[in-house]
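Colleague: I would like to learn how to read packing and pairing in a model. Can you take me through some cases?

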Amino acid sequence: MDRRTVFNGRLLPVVLLLPQLLLTLFFFYWPAAEAVWSSLTTQDAFGQDWVFVGLDNFQDLFDDPLYLDSAVRTVFFCLSVSVLAMCIALALAVFADRQIAGRGVYRTLLIWPYAIAPAMSAVLFLFVLNPRVGLLGRWLNRHGVAWDYTLNGSQAMLMVMSASAWKQVSYNFIFFLAGLQSIPRAVIEAARMDGAKGWRRFRTITFPLLSPTTFFLLVVNVVYAAFDTFGTIYALTQGGPGKDTETLVIKVFRDGVINQDIGSSSAQSVVLMLGVILITAIQFRFMGKRTLS
Amino acid sequence: MATLDIKGLRKSFGATEVLRQIDLSLIDGEMLVIVGASGCGKSTLLRLVAGLEQPTTGRIVIGGRDVTALDPSERDIAMVFQNYALYPHMSVFDNMAYGLRIRGLSRGEIARKVDEAAAMLGLDELLARKPRQLSGGQRQRVAMGRAIVRDPKLFLFDEPLSNLDAKLRVQMRAEIRKLQRRLGVTSLYVTHDQVEAMTLGDRLLILHEGRPAQLATPMEVFECPADTYVAGFVGSPTMNFLPGRLVQDGTAVLLDAGPLVPLLGRRIGGAVTLGIRPEHLTPGAQGLTLTVDLIEPLGSETLVHGRIAGITAESLAVKFAGAVPPLETLTVDVQSGHAHIFDAASGKRINSIG
């Protein structure tokens with residue numbers, strides 16, 4: 001089906017594209033260019049003067065053990081959040097795909113968390129897990145579990161991971177459900193006739209046939225966990241206790257906005273930007289190949 | 001290999017009754033073709049036997065074992081699906097080996113069985129390929145291979161040839177028949193194609209609106225259709241139906257269109273429908289006079305379509321051997337020996353009583 005529209009002249013298409021182009025220009029290209037420029041300079045403490053320093057900021061960054069710690073922490077955080085969010089979403093999608101009573105309600109309820117702002121989801125988790133006001137937090141402490149994520153780094157990590165994953169489950173759920181429903185029913189039925197049941201059928205037929213969806217979601221989830229979790233983490237722990245939940249985006253914010261080290265902060269943003277470009281390029285390449293074959 | 005018994009089977013989806021009372025018995029090695037128009041419940045019947053749907057009432061017994069409550073995976077049935085339903089991420093070999101691996105056969109045994117089935121179907125060269133690298137006919141063969149390699153109690157075919165082009169369909173039809181005979185596996189075959197039904201089945205089950213209209217051998221169905229539905233369904237072009245009533249103590253039919261058609265034997269009834277196949281109308285002097293609408297030369301024979309003069313609604317087809325010159329009108333006689341008499345109200349066949 002060819003749905004291409006042919007315009008007479010240049011003006012109309014340009015006008016139609018303009019809002020999006022302007023948004024991209026002002027909210028991406030301009031700040032990104034600014035960041036690249038800043039990353040090559042160093043500024044005095046009051047922002048009065050700057051010196052061009054070449055790649056010194058990057059050099060310092062990769063020599064800084066704190067930065068490398070944060071990078072390792074971020075990789076661990078991203079993979080954990082992605083795997084957690086995807087596994088839970090897949091399990092829920094498998095149930096929703098079955099013929100169960102109240103399927104419509106079940107699906108709608110599962111999609112809701114996606115509509116909640118990151119900071120709001122953090123507040124919800126506070127109400128549950130805060131050791132002084134949270135329902136579960138108080139219950140744990142009353143029953144002899146020393147639960148306090150403001151003191152215990154591992155607990156803090158667990159909490160930001162759960163909150164971040166929880167918010168992403170809805171998104172993954174929608175895609176997994178669509179993926180499951182696009183698997184031809186007859187293929188599943190053929191597997192049933194071949195004698196495959198339950199877990200084995202899922203492992204050998206359903207899951208492999210979901211692999212395009214799974215790969216797409218893995219990329220989206222890693223990018224989400226690396227960048228979009230800022231609000232959640234900042235509202236819950238501000239990267240603490242100490243630096244135990246300080247992922248790279250939190251560090252960019254802390255170094256740049258709080259500590260006013262614009263040069264280093266910009267260099268960190270540029271590194272992150274290159275990371276996203278790389279991941280996206282890999283994804284496009286892989287997806288492109290799939291559609292060709 | 002096993003017998004199949006279906007007893008009192010009914011299936012409703014909500015308020016819609018799809019199958020109303022099916023009773024069937026297949027002997028070991030028999031091939032039964034289930035045929036009917038779309039929506040007659042034939043696919044539902046197959047899916048009930050497969051276990052992919054649960055019957056509302058009734059029992060399904062395979063080789064003496066009641067499987068009604070069992071999951072498809074426990075019934076030991078192989079099914080060939082209309083769109084083949086191959087596992088797209090597996091090679092041809094793995095597609096065929098999948099069911100064997102689940103049964104826990106040894107690696108060597110699996111390779112031996114798959115190779116054997118592949119050789120039988122001419123798939124030897126294709127074992128390493130993925131389904132998307134195969135043509136329609138090859139996929140069809142793989143689907144067959146996946147079914148036979150397991151050596152199941154029962155084969156189910158759900159319109160397996162309907163996605164193939166006409167030439168391949170004829171070829172695969174013959175192959176399926178030969179294979180089924182050779183393996184001797186009891187089979188159910190669903191189709192809407194009457195030629196497939198006639199050529200493949202040991203017996204035919206013609207379903208009409210969820211009820212069995214006739215269960216008989218293909219020749220019986222052709223020669224003694226049980227009602228007007230079956231008579232109209234089997235044979236191409238379809239049988240001509242002419243309203244009339246029995247006269248002369250039931251030994252002749254006076255057609256509403258005029259002529260009196262003498263019958264072989266005596267029948268009891270009043271208003272009837274006379275059925276006559278296009279090849280059983282012969283040119284004659286005092287029969288029905290047709291206004292010719294269309295002449296279709298088919299090479300070895302010619303079809304003439306026409307309307308009975310004076311009655312515009314009644315259209316008739318006549319089949320002649322050889323070519324026919326252009327005609328305006330045509331007078332034909334009904335061959336008495338080939339006339340089928342059905343009750344006008346119920347459509348049921350009325351047999352002669354000597």
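This is a predicted model: local features need pLDDT of at least 70, side-chain atom pairs count only at pLDDT 80 or more; totals for chains, interfaces and linings use all residues.

Colleague: What describes two packed helices?

Modeller: Two numbers do: the angle between the axes and the distance between the axes. Take helix H7 (residues 153–182) of chain A and helix H10 (residues 211–228) of chain A. Their axes come within 11 Å and cross at roughly 160°.

Colleague: Are H7(A) and H10(A) roughly parallel or roughly antiparallel?

Modeller: Angles over 145 degrees count as roughly antiparallel. H7(A) and H10(A) are therefore roughly antiparallel to each other. The crossing of H7(A) past H10(A) is right-handed.

Colleague: Which residues make the contact?

Modeller: H7(A) brings A:Ser164, A:Gln168, A:Asn172, A:Phe175, A:Phe176 and A:Gly179. From H10(A) come A:Thr213, A:Leu217, A:Asn221, A:Tyr224 and A:Ala225. Sorted by class, the contact of H7(A) with H10(A) holds 5 nonpolar and 6 polar residues, with no charged ones.

Colleague: What about a helix pair in chain B, H3(B) and H4(B)?

Modeller: Helix H3 (residues 107–121) of chain B packs on helix H4 (residues 136–148) of chain B at about 140°, and the axes are 10 Å apart. That makes H3(B) oblique to H4(B). Here too the handedness can be read: H3(B) passes H4(B) in a right-handed crossing. On H3(B), the contact residues are B:Ala117, B:Ala118 and B:Leu121. On H4(B), they are B:Arg141, B:Met144, B:Gly145 and B:Ile148. The classes in the contact of H3(B) with H4(B) are 5 nonpolar, 1 polar and 1 charged.

Colleague: Now strands. Is strand E8 of chain B buried or exposed?

Modeller: Count the buried residues, then check each face. Strand E8 (residues 186–191) of chain B is mostly covered, with 6 of its 6 residues buried. One side carries B:Thr186, B:Leu188 and B:Val190, the other B:Ser187, B:Tyr189 and B:Thr191; both faces are covered.

Colleague: Which strands pair with E8(B), and in what sense?

Modeller: Look at the bridges. Strand E3 (residues 31–35) of chain B pairs with E8(B) in the parallel sense over 5 bridges. In this pairing B:Leu32 stands opposite B:Leu188. Strand E7 (residues 154–158) of chain B also pairs with E8(B) in the parallel sense, over 5 bridges. There B:Phe157 has B:Tyr189 of E8(B) as its bridge partner.

Colleague: In what order do the strands of the open sheet in chain B run?

Modeller: The order of the 5 strands is E13-E12-E11-E14-E19 in chain B, and the pairing is antiparallel. To find the edges, look for strands with a single partner. Strand E13 (260–262) and strand E19 (340–343) of chain B each have a single partner strand, so one side of each is left without a neighbour in the sheet. From one strand to the next, the twist averages 40°.

Colleague: How many bridges join E12(B) and E13(B)?

Modeller: Strand E12 (residues 252–255) of chain B and E13(B) pair over 3 bridges, in the antiparallel sense. B:Leu254 has B:Leu260 in E13(B) as its bridge partner.

Colleague: Last, how many residues does each chain give to the contact between chain A and chain B?

Modeller: Chain A gives 14 residues and chain B gives 17 residues. On the chain A side, the elements that give two or more residues are helix H8 (185–193) and helix H9 (198–209). H8(A) gives the most, with 6 residues. By class, the side of chain A that touches chain B has 9 nonpolar, 1 polar and 4 charged residues.

How values were computed. Residues are numbered from 1 along each chain as its sequence is written. Chains are lettered from A and ligands numbered from 1 in the order in which they are written. Axes are lines fitted to C-alpha atoms, for helices over the stretch in contact, and angles run from 0 to 180 degrees between N-to-C directions. Helices (H or I, at least four residues) and strands (E, at least two) are DSSP runs, numbered from the N terminus. Angles under 35 degrees count as roughly parallel, over 145 as roughly antiparallel, 65 to 115 as roughly perpendicular and the rest as oblique. A crossing is left-handed if the near helix is turned anticlockwise from the far one by less than a right angle, and right-handed if clockwise. Two residues are in contact if their C-beta atoms, placed from the backbone, lie within 7 Å. Ala, Val, Leu, Ile, Met, Phe, Trp, Tyr, Cys and Pro count as nonpolar, Asp, Glu, Lys and Arg as charged, and the others, Gly among them, as polar. A residue is buried if 20 or more other C-beta atoms lie within 10 Å of its own, exposed if 12 or fewer, and partly exposed in between; C-beta atoms are placed from the backbone. Two strands pair if DSSP finds at least two bridges between them.
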